[in-house]
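Here's a quick briefing for anyone opening this structure for the first time. Take a look at the sequence and the 3D view, then read on.

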Amino acid sequence: MTASRFFILICLVSAKMVFWAQPINVQNMINYTRNKEYDKARAAADASIVHEETKSKPKTWKCRAEVFKSIYSDTSARVRAIDSKSEEKALEAFTQCLILDAQQNSKQMIYKDEVKNPLVQAASACRRKADYYIQNKQYAEALYLFELLEKALPFDYDQAMKRSNITPEKLKFNRFQVSSYAGDKPQLIRLSEDLIRMSYKEAYIYETMLKLYLSDKDTAAALNIIEKGKELFESNMFLIGNEIDIYLARKKTQDLIIKVQSAIEQAPENDLLKIVLGQVYEKTSKPLDAEKYYLEAYALNPSAETINFKLGAFYFNSGADAQRILNDLKPTEKEKIKKYEDLVKVQFTKALPYLKKAF
């Protein structure tokens, strides 16, 4: 054999060995996982998704997913420590398997029945892990998990993820929460607009955006978000209280009183409106008017927690104010001492049943 022919033969044999080496990585994943040699299984899994011969095969991704699912679900901390991102990698691989399967076998998917349940299990594991990341302030990692979950949702064939409250809407709200923790203002604004447009019913959205606008001293945007929030949460006292404060700060107290009184005329049985008006008068140091409207609200809805708390707090604060005056009186001011001692006792006595009822 000539040297040139020998060289060609060696090249052909080498090429054939490389060709077969890649599918062997897939088989190695299966064998190593079966034998619980997870460090070797992980190495084979990583090698299989970078080579042209295997990276586009649904089976490759299915086997890879099973490697990482076995790692994160093992009871041994030593095994789980082999890869700290095994939940993410399992979900990503199960999803990629089904994506490729749908593309390549559109008429009859090969792996759908085999992969759909493990995918849901990996999704649940990832949702739990997202909470862990949030608790540890690893916000980027949590957001990445929510992205993976959203990518997996089209393959929730039996609606199992939906039943676990993993939905596009919920994931968007989850991202909103994490963005608020991380202080990502542009992302917060974008996500809040989406959530408000879909009327997602979480007061946290409106309260968070209100805090943001107030910190920016943007009272126009704050009032706008309050109005939108009150459409869904009309009795939210955080929104209502801040609305009152904004009007007071703008020295438009009378405008607010007229606005609320007009609303009461339209709905005289609305106890909440009377609470709001009582709160306006309380904040503008008109206690008799405040008490009047609080008592009217109570008469309309005596079992409501909000009005019981408001009345209790109103009387308690009045008693506390009298106590402060009493503390500053001189011993010689006996008449005033008697007056304020009686007032303290009366107001605290009034407060107690309402606070107990609210509690």
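Where is the place of Ser73? Ser73 sits in helix α3, which covers residues 58–73. Before going further, keep in mind that this is a predicted model, where local features need pLDDT of at least 70 and side-chain atom pairs count only at pLDDT 80 or more, while totals for chains, interfaces and linings use all residues. Residues are numbered from 1 along each chain as its sequence is written, and side-chain values use heavy atoms, with hydrogens and water left out.

**Overall build**

- The chain has 18 helices and zero strands; these are DSSP runs numbered from the N terminus, with helices being H or I of at least four residues and strands E of at least two.
- The C-alpha trace spans about 125 × 45 × 35 Å along the principal axes of the chain.
- The radius of gyration is 33 Å, whereas a compact globule of 359 residues would come in near 21 Å. That radius is taken over C-alpha atoms, and the globule rule is 2.2 Å times the number of residues to the power 0.38.
- Take the contacts in the chain with a separation of 6 or more: 57% of them are between residues 24 or more positions apart. A contact here means heavy atoms within 4.5 Å.

**Surface and charge**

- Of the 359 residues in the chain, 42% are buried. Buried means under 20% relative accessible area, exposed means over 50%, and partly exposed is in between, using a 1.4 Å probe and protein chains only.
- The chain carries 56 positive and 48 negative charges, and their mean positions are 4 Å apart. Lys and Arg count as positive, Asp and Glu as negative, while His and the chain ends are not counted. Each charge is placed at NZ of Lys, CZ of Arg, CG of Asp or CD of Glu.

**Cysteines**

- There are zero disulfides in the structure, a disulfide being a pair of cysteine sulfur atoms within 2.5 Å.
- For Cys63, the closest cysteine sulfur belongs to Cys97, and at 8.6 Å it is too far for a bond.
- Cys63 is buried, at 4% relative accessible area, and Cys97 is buried too, at 0%.

**Two loop residues with positive phi**

- Lys137 isn't a glycine, yet it has a positive phi of about 60°. You'll find Lys137 in the loop between α6 (112–135) and α7 (139–152), and it is exposed, with a relative accessible area of 64%.
- Ser285 also has a positive phi of about 60° without being a glycine. Ser285 is in the loop between α15 (271–283) and α16 (287–300), and it is exposed at 63% relative accessible area.

**Two helix residues to look up**

- Back to Ser73: this residue is partly exposed, with a relative accessible area of 44%. From Ser73 to Ala122 is 49 residues in sequence and 9.5 Å in space, C-alpha to C-alpha.
- Glu291 lies in helix α16 and counts as buried at 19% relative accessibility. Leaving aside residues up to four places away in sequence, Glu291 touches Phe314, Tyr315 and Lys350.
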